[in-house]
Amino acid sequence: MTSLRQLEYLVTVVDTGSFTRAAELLHVTQPALSHQVRALEKGVGGPLLERLPRSVRLTPMGRAMLPHARATLADAERARCAARQASGLEAGELQIATVYSVGLGVLPAALRVWRRERPDVDVRLVEFRHADELREAMAAGEADVAVGPVPPGWDGPLRELGVEEFVVVLPIDGPREDDGTGVVDLATLADCAWVHYAPGNGLADLVDQACAAAGFQPRAAVRTEQSAAAPMLAAAGLGPALVPANVLPEGFHGRVLRPEPAIRRTLAAYCRSTPDPLTSAFIDVVAGKCTLGSPHGNP
């Protein structure tokens, strides 16, 4: 069977024009080099090189084989580099799956640190509307790591990142439901038309569950697919919105209240199997450098 070593020996002999110089370049003895070339010739069924007194030349069979030998060696080198890249030794690509709100509120800070530390690693971010879709995608092998709410019943590696706080957003000039305390009982907002999320967005379920626990079903004034739009619409006066605190930008122009009881969810990074070094390094960055965030805005 033809080996990569034999192909490398053939190409080196051709490039140097000499068995002697090729042996020196490859750090092998000339008899060993000659033996491997003869074994290659035996394997393909004929001579590849014509041995001249001071040089070598390719036979017709050798000329036919040489470009394929070069291509095979190039493919092998690309495969080696890909494996090293995947292990984080050089560069590579990291595939991250998440949900919309986490991609907006949690990951930017971590990716900023990651990019600074590993500028040669490309990042492909895949975002989903619902945590169930995220879990299914991760189970199907669509990414290296998922970052989102803790998936129920997940039997692969999982690392909890922390607890995400939710806040209620209202316009600055609206009624003072909190009496100046910065805390609001959701039940006091039962008669409001809400800034809600589109069906299929995981935050829509969360809002419905939180309001149900407060004793009412929220009526939607407007529904949005985008996590970033909800607080802006609420601040504009379309109705209260329940949003992750970490999606609010610095200096957000809206009234931000903490619901009572508190509404929280635990976030995690999880994989299908033991993460490779590159993925493990990213999980460390998310866990160590990413802050789930305090709310920004005016109380």
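This is a predicted model: local features need pLDDT of at least 70, side-chain atom pairs count only at pLDDT 80 or more; totals for chains, interfaces and linings use all residues.

Q: Thanks! How many helices and strands are there?
A: There are 10 helices and 12 strands, taken as DSSP runs numbered from the N terminus (helices are H or I, at least four residues; strands are E, at least two).

Q: And is the protein spread out or compact?
A: Spread out: the radius of gyration is 31 Å, well over the 19 Å from the globule rule for 299 residues, so the protein is more spread out than a compact globule. The radius is taken over C-alpha atoms, and the rule is 2.2 Å times the number of residues to the power 0.38. Along the principal axes, the C-alpha atoms fill a box of roughly 100 × 30 × 30 Å.

Q: Switching topic: at what angle do α2 and α3 cross?
A: The axes of helix α2 (residues 19–26) and helix α3 (residues 30–44) cross at roughly 105° and come within 9 Å. These axes are lines fitted to C-alpha atoms over the stretch in contact, with angles from 0 to 180 degrees between N-to-C directions. The two helices are therefore roughly perpendicular, the word for 65 to 115 degrees (under 35 is roughly parallel, over 145 roughly antiparallel, the rest oblique).

Q: Which residues make the contact?
A: On α2 they are Phe 19, Thr 20, Ala 22, Ala 23 and Leu 26, and on α3 they are Gln 30, Leu 33, Ser 34 and Val 37. Contact here means heavy atoms within 4.5 Å.

Q: Now rings. How many aromatic pairs are there?
A: Three, counting rings of Phe, Tyr and Trp (its six-membered ring) with centres within 6.5 Å; planes under 30 degrees apart are stacked, over 60 edge-to-face, the rest tilted. In one of them, Trp 114 and Phe 282 have ring centres 5.5 Å apart and planes at 90°, so the pair is edge-to-face.

Q: Where do those two sit?
A: Trp 114 is in helix α6 (residues 107–117) and Phe 282 in helix α10 (residues 277–289), 168 residues apart. Trp 114 is buried, with a relative accessible area of 1%, and Phe 282 is buried at 1% too.

Conventions: Residues are numbered from 1 along each chain as its sequence is written. Side-chain values use heavy atoms; hydrogens and water are left out. Buried means under 20% relative accessible area, exposed over 50%, partly exposed in between (1.4 Å probe, protein chains only).
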